[in-house]
Amino acid sequence: MRIYVCVKQVPDTSGKVAVNPDGTLNRASMETITNPDDLMAMEQALLIKDKNDCQVTVVTMGPPQAEGMLRELLAMGADDAVLISSREFGGSDTFATSQIIAGAIQHLGLEKEDIIFCGRQAIDGDTAQVGPQIAEKLDIPQITYAADIEKEGDCVTVKRMLEDGYMKIKTSTPCLITCIKEQESGSRYMTLNGINDCYEKPLQILDYEALKDEPLIETDTIGLKGSPTNIFKSFTPPLKGAGVMLTGTDREMAASLAKALDEKHML
Amino acid sequence: MGFDSAKIEEFRNIWVFCEQRDGKLMETDFELISEGRKLADERGAELIGVLLGDQVEGLAGEIGGYGADKVIVCDHPMLKVYTTDAYAKVLCDAAMEYKPEIILIGASNIGRDLGPRCAARLHTGLTADCTHLDIDMNEYVNFLTTSSTLDMDKTKFKMDDVNLKMTRPAFGGHLMATIICPRFRPCMSTVRPGVLKKAEYSREKAEKVQVEMYPVHLNAKDIHTQVIEVIKEAKQMVDLIGADIVVSVGRGISKDVEKGKELATQLAGALGGGVVGGSRAVIDAGWLTADHQVGQTGKTVHPKIYVALGISGAIQHKAGMQDSDLIIAVNKDEKAPIFDCADYGLVGDLFKIVPMMVEEITEMKDKK
């Protein structure tokens with residue numbers, strides 16, 4: 001049994017987000033991290049690996065620098081890693097991205113008992129689309145917003161969160177599950193031995209040449225050309241005028257606030 | 001059935017997927033129908049609600065009351081509870097047959113599951129969590145004039161562009177992007193709940209709405225997932241999105257979490273009754289449940305008054321509250337980024353200041 005974990009390297013938006021004068025994002029000034037929801041997907045995969053005999057493969061699509069992130073995941077306990085990287089894949093929207101990742105997974109092979117894990121969404125794009133689109137392109141069931149996952153043979157039972165509760169859903173493998181962070185649970189740390197060994201573990205690079213014979217990979221379904229959506233315009237919103245910093249003692253500040261709210265007829 | 005998403009000239013009309021749970025429509029359906037009405041008028045097209053469920057025909061009037069011309073009802077016992085397989089099949093079958101130009105879906109946990117599955121099947125584009133939609137170019141230019149820092153005099157537009165222009169925040173609202181889907185149809189969009197304004201309900205329109213029953217073809221082998229049970233959490237739904245007053249707490253309450261939450265409740269009460277929210281730090285620490293979370297991965301709120309108590313103001317948090325009418329921030333760090341978007345800033349210890357705020361506000365109200 002094999003578990004694929006799809007991960008993405010993202011800019012750390014919890015730090016300072018820098019915007020260039022032309023309104024585009026200054027990525028160079030931001031640190032990169034593994035997308036937080038993807039770490040939850042990784043943890044879910046490792047929890048299954050703890051109990052079952054299985055191979056955990058981490059898969060990412062991105063520039064060559066993403067190898068650093070893959071090594072970290074190998075140090076956490078993944079068995080092998082796959083980096084999908086090629087100039088032809090650049091500029092992909094979610095449709096084209098999922099097309100390429102689905103093509104790569106077909107290339108690697110998807111067996112009856114296998115599962116694909118993704119994070120719910122990436123913090124840079126926030127679309128939550130790539131997971132379900134991979135599932136559709138591979139024609140397998142999907143369960144999104146998964147909190148708890150139990151696997152028995154070719155059957156999984158998942159707690160799927162809703163805004164006002166949850167559903168218990170059962171499905172058969174192969175399937176795709178997108179994971180969310182549940183309260184109190186976190187992802188595990190890299191181990192010292194893991195860090196020691198992570199450079200010995202296999203890391204495969206799949207470029208356009210390697211994947212071009214896959215049925216899903218066609219020049220008009222990948223990259224910028226294969227992306228149905230385009231950016232029409234990007235812009236920065238106007239800065240809101242700076243507000244008033246109230247001054248004085250605590251009591252004076254509280255009183256001036258009450259007065260200001262009263263003058264605005266907000267009480 | 002001769003469906004080709006690239007033959008864009010064959011597609012017409014605007015669809016809104018109307019999500020129901022337990023036979024009740026979701027609040028966001030009404031926001032989408034109201035917005036859809038505006039778009040349909042800009043495009044000179046019909047606005048059609050698409051309703052999937054089991055014995056849900058009776059809900060069609062409610063959808064009409066907010067502006068839908070017609071409701072396509074897909075009624076089948078296997079649509080009673082949401083499953084990706086059944087809903088995606090029925091919605092895609094209908095879309096392939098009727099060829100709508102636009103499909104809008106609320107970005108709920110269910111809408112965000114359904115939307116991408118359908119977009120992949122229909123081979124078309126989907127834009128996630130939009131906060132503003134336009135078809136008419138004049139409307140779009142007006143929007144940019146008030147909502148962007150672009151130099152409009154130097155920006156040229158093709159005024160006869162009839163693509164749906166879907167605008168969404170990126171990177172926590174620091175950047176906005178308008179996305180189009182020019183080469184494929186239907187153009188699909190999930191829309192962030194709580195952002196668009198709901199229209200007035202009209203009983204007259206509700207009575208006039210056309211209802212069309214769509215013949216659903218489903219059988220057990222179409223559905224590969226089995227819903228064993230649906231649990232509603234006993235706790236009351238926190239109505240952050242609809243609240244006029246939201247008082248949120250952040251990591252600043254760590255000194256005495258219970259007292260911090262109590263103060264927030266008191267302040268909300270003094271301001272006229274409201275809901276307590278929290279930043280992600282508070283949710284992650286387990287001090288409040290996830291339905292209280294305001295921000296990019298939580299809820300977007302735009303109350304009349306938003307109070308941030310001990311919240312530093314990371315962009316992920318601001319993304320969920322910066323459009324509030326009036327923002328008050330209390331923080332002991334005068335450099336906290338929350339003060340950049342606050343109308344009134346108070347630097348100090350919230351455990352000392354908030355009780356005084358409650359007193360002063362109550363006193364001010366009593367004087368009237």
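1. Helices, of at least four residues, and strands, of at least two, are DSSP runs numbered from the N terminus. On that basis chain A holds seven helices and 13 strands. The model is a predicted one. The C-alpha trace of chain A spans about 70 × 40 × 40 Å along its principal axes. Chain A has 267 residues, of which 53% count as buried. Among contacts in chain A with a separation of 6 or more, 72% are between residues 24 or more positions apart.

2. A residue of chain A that may be inspected individually is Ser85(A), in the loop between β5 (80-84) and α3 (94-108) of that chain. Its relative accessibility is 15%, and Ser85(A) therefore counts as buried, the limit being under 20%. A polar atom of the Ser85(A) side chain lies 2.7 Å from the backbone oxygen of Gly62(A). Apart from neighbours within four places in sequence, Ser85(A) is in contact with Gly62(A), Pro63(A), Pro64(A), Leu206(A) and Asp207(A). Ala254(A), by contrast, is 169 residues from Ser85(A) along the chain, and the C-alpha atoms of the two are separated by 57 Å.

3. In chain B, an open sheet is formed by seven strands in the order β7-β11-β6-β1-β4-β5-β12, with parallel pairing. The edges are taken by β7 (126-130) and β12 (210-214) of chain B; each has a single partner strand, so one side of each is left without a neighbour in the sheet. On average, neighbouring strands of this sheet are turned by 25° against each other, direction ignored. The partner of β7(B) is strand β11 (residues 187-191) of chain B, and the two pair in the parallel sense over three bridges. One of the residues concerned is Cys130(B), whose bridge partner in β11(B) is Val191(B).

4. Helix α4 (residues 111-122) of chain B lies across β1, β6, β7 and β11 of chain B, and runs at about 170° to β11(B).

5. Two packed helices are described by the angle between their axes and the distance between the axes. Within chain B, helix α3 (residues 84-98) and α4(B) pack at an angle of about 45°, with their axes 9 Å apart. The two helices are therefore oblique to each other, and their crossing is right-handed. The residues of α3(B) that meet α4(B) include Tyr87(B), Leu91(B), Cys92(B) and Ala95(B), while those on the α4(B) side include Leu114(B), Arg117(B), Cys118(B) and Leu122(B).

6. The helix α4(B) also packs against the other chain. Its counterpart there is helix α4 (residues 130-138) of chain A; the angle is about 45° and the axes are 8 Å apart. That makes α4(A) oblique to α4(B), and the crossing is right-handed. From α4(A) the contact draws on Pro132(A), Gln133(A), Ala135(A), Glu136(A) and Lys137(A). On α4(B) the residues involved include Arg112(B), Asp113(B), Pro116(B) and Arg117(B).

7. Strand β10 (residues 175-180) of chain B pairs with strands of both chains. With strand β12 (residues 230-235) of chain A, β10(B) pairs in the antiparallel sense over five bridges, and Asn230(A) stands opposite Ile180(B). With β9(B), β10(B) likewise pairs in the antiparallel sense over five bridges, and Pro169(B) stands opposite Met176(B). Six of the six residues of β10(B) are buried. Leu175(B), Ala177(B) and Ile179(B) lie on one side of the strand and Met176(B), Thr178(B) and Ile180(B) on the other, so that both faces are covered.

8. How accessible is Thr167(B)? This residue of strand β9 (residues 165-170) of chain B has a relative accessible area of 0% and is buried. The side chains of Thr167(B) and Thr178(B) are joined by a polar contact of 3.0 Å. Residues up to four places away in sequence aside, Thr167(B) touches Phe235(A) of the other chain and, among residues of chain B, Cys130(B), Tyr140(B), Phe143(B) and Met176(B).

How values were computed: Residues numbered from 1 in each chain as written. Chains lettered and ligands numbered in written order. Predicted model: local features only at pLDDT ≥ 70, side-chain atom pairs only at ≥ 80, totals over all residues. Heavy atoms only, no water. Pairing = 2+ DSSP bridges. Axes fitted to C-alpha atoms, helices over the stretch in contact; angles between N-to-C directions. Contact = heavy atoms within 4.5 Å. Buried < 20%, exposed > 50% of the residue type's maximum accessible area, 1.4 Å probe, protein only. Polar contact = N/O pair within 3.5 Å; in protein donor to acceptor, adjacent residues only side chain to side chain. Parallel < 35°, antiparallel > 145°, perpendicular 65-115°, else oblique. Left-handed = near helix turned anticlockwise from the far one by under 90°.
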